[in-house]
Amino acid sequence: RISTSRTSRWGTGLSRTAMATATRCLLVGGCVAALLLWRQRRAVRFARANLLRCSMCGTLRAPIEFTPRQARRDGTMRKCRPCVAMYVETPRSAADKEARKAERALERSQALAAAEAARDAVSAAQEAAADRIEDPLRLASKAETVLRGRSDRVLLVLENCSDDLNHVAVLRTAEALGVLRVWLVQRLSAPLPADTRPSPAPPDATTAGEAVERAQLSQRANSRATRRLQARAAQRGLDCSSLLGSRQAKVYASHLDIHVFTSSAECIDAVRADGRALWVTDLSQEALPLTSDVAALRRALPPRLAIVIGSEGVGVSKVMVDAADVRVFLPMWGFTESFNISVATALVLQRLLDAMPDSRGALPPEEMQRLRTEWYGALARTEEQRAAFARLAERGGARPLRDTRRPEAHRDEQRGRTGEKRRLWSRGVGAE
């Protein structure tokens, strides 16, 4: 009995020790397993945070699976090592690459040669189209060049121009800019005193304004400015016209279609009959700015236009302003209230013609032929040249020049001739 009890007590103690040991082992193993699992999960999270995606295969890979150069690239251009290895050049692909380089080099050389040939051809054409002294048909070619630059879409109306020098400058500007038609309203003298104005209107006048215009026109021939102009022209030995002024103005007007009106109302009726819109330059608050924006001005321009420029003193007459479809003005940024009439005309015409580049040379065929025949005949200097120019005009005109600039030798000759004229005029001797 005693031994049995001792054995049972010994066995019970042994089993308790084993159970405690097993429990401790299980706890330690669980902690180790938990630690390993945590470390694994942490490694996975760290790896996922630093993975790079290949732009070709679309897989997430560790940075070590990318070359350093590819790892620094943007995600849209990054490629892993396997994808890069797919493009390792074989001897055959390298040969193809060299062949492609040779083809591209050949194409570039051919394109360069073609560009140089085209440049040489253009230079040769420009050299052939330039004004040359030795060309016997140079005057006809120049006339053809000017004719193809003429514009009939803009008509210039010059009203009451009182200064001959400004008048000449306006005609010269209009001709140089390619305007074909210039209409002149006869200039008036100073306004009549109140007691000299006719109270009843004449039978052929429709308004009181026209009656005043006719009365002023009757005094124009005896005005001080007209007498001074005629005396200055006679001193220089030049012809003087009551409207076109000196011979110099007539030279510019010879290449323009000039029409003269005795009153503004008559000119307005002619503008309406010609189917043109009437624009008037005016400094009133109702006038619209003539913008330098070519696109905006092109949208506002009518198909056919007549632009009226008035005198520097009083501007455009009230009759013309009342009949205007649009009043325009040139924006100014200084204290000066107005431009010189020749400057204003140049700015207005330049802006209008810049907005309608397709109008140059767009004349009816019969009008082109009429001007060609007239100008060719006027520029011919001998009968033989006149006959040759006439044949050219019948065949459709001479070859136009690149531009109307004179050769350098002619320019030097013109400078010497102008200097001689100025010396003669300074001595009071007329020079033709």
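T345 lies in helix α13, which spans residues 341–354, where helices (H or I, at least four residues) and strands (E, at least two) are DSSP runs numbered from the N terminus. T345 counts as buried because its relative accessibility is 0%, the classes being buried for under 20% relative accessible area, exposed for over 50% and partly exposed in between, with a 1.4 Å probe and protein chains only. Leaving out residues up to four places away in sequence, T345 touches L156, V170 and I309, a contact being heavy atoms within 4.5 Å.

The model is predicted, so that local features need pLDDT of at least 70 and side-chain atom pairs count only at pLDDT 80 or more, while totals for chains, interfaces and linings use all residues. Residues are numbered from 1 along each chain as its sequence is written, and side-chain values use heavy atoms, with hydrogens and water left out.

**The chain as a whole**

- The secondary structure of the chain comes to 16 helices and 11 strands.
- Of the 432 residues in the chain, 32% are buried.
- Among contacts between residues at least 6 apart in sequence, 75% join residues that are at least 24 apart.

**Helix α14 against helix α15**

- Two packed helices are described by the angle between their axes and the distance between the axes.
- The axes of α14 (residues 365–379) and α15 (residues 383–394) come within 9 Å and cross at roughly 165 degrees, where axes are lines fitted to C-alpha atoms, for helices over the stretch in contact, and angles run from 0 to 180 degrees between N-to-C directions.
- That angle makes α14 roughly antiparallel to α15, since angles under 35 degrees count as roughly parallel, over 145 as roughly antiparallel, 65 to 115 as roughly perpendicular and the rest as oblique.
- The crossing of α14 and α15 is right-handed, the convention being that a crossing is left-handed if the near helix is turned anticlockwise from the far one by less than a right angle, and right-handed if clockwise.
- On the α14 side the contact involves Q369, R372, T373, Y376, G377 and L379, and these meet Q385, R386, F389, L392, A393 and E394 in α15.
- The residues of this contact of α14 with α15 divide into 5 nonpolar, 4 polar and 3 charged, with Ala, Val, Leu, Ile, Met, Phe, Trp, Tyr, Cys and Pro counted as nonpolar, Asp, Glu, Lys and Arg as charged, and the others, Gly among them, as polar.

- A search of the whole structure finds 2 aromatic pairs, where rings of Phe, Tyr and Trp (its six-membered ring) pair if their centres lie within 6.5 Å, and planes under 30 degrees apart count as stacked, over 60 as edge-to-face and the rest as tilted.
- One of the pairs is formed by Y376 and F389, which are edge-to-face at 6.2 Å centre to centre, with 65 degrees between the planes.
- This pair links Y376 in helix α14 with F389 in helix α15, 13 residues apart, and both Y376 and F389 are buried.

**Helix α5 against helix α14**

- Helix α5 (residues 138–147) is mostly covered, with 8 of its 10 residues buried, and the buried residues are R138, L139, A140, S141, A143, E144, T145 and L147.
- α5 and α14 pack at an angle of about 145 degrees with their axes 10 Å apart, and their crossing is right-handed.
- L139, A140, A143, E144, V146 and L147 in α5 meet M368, L371, R372, W375, Y376 and L379 in α14, and the residues of this contact divide into 10 nonpolar, no polar and 2 charged.

**A71 and R78**

- A71 lies in helix α2 (residues 68–71) and is partly exposed, with a relative accessible area of 28%.
- Apart from its neighbours within four places in sequence, A71 is in contact with L52, F66 and R78.
- R78 lies in the loop between α2 and α3 (81–85) and counts as buried, at 11% relative accessibility.
- The C-alpha atoms of R78 and C54 are separated by 5.6 Å, although these residues are 24 apart along the chain.
- With neighbours within four places in sequence set aside, the contacts of R78 include L52, R53, C54, F66 and A71.

**L301**

- L301 is placed in the loop between α11 (294–300) and β10 (305–309), and at 9% relative accessibility L301 counts as buried.
- L301 and M356 are 55 residues apart in sequence and 8.6 Å apart in space, C-alpha to C-alpha.
- Not counting residues up to four places away in sequence, L301 touches R153, W279, L352, A355 and M356.
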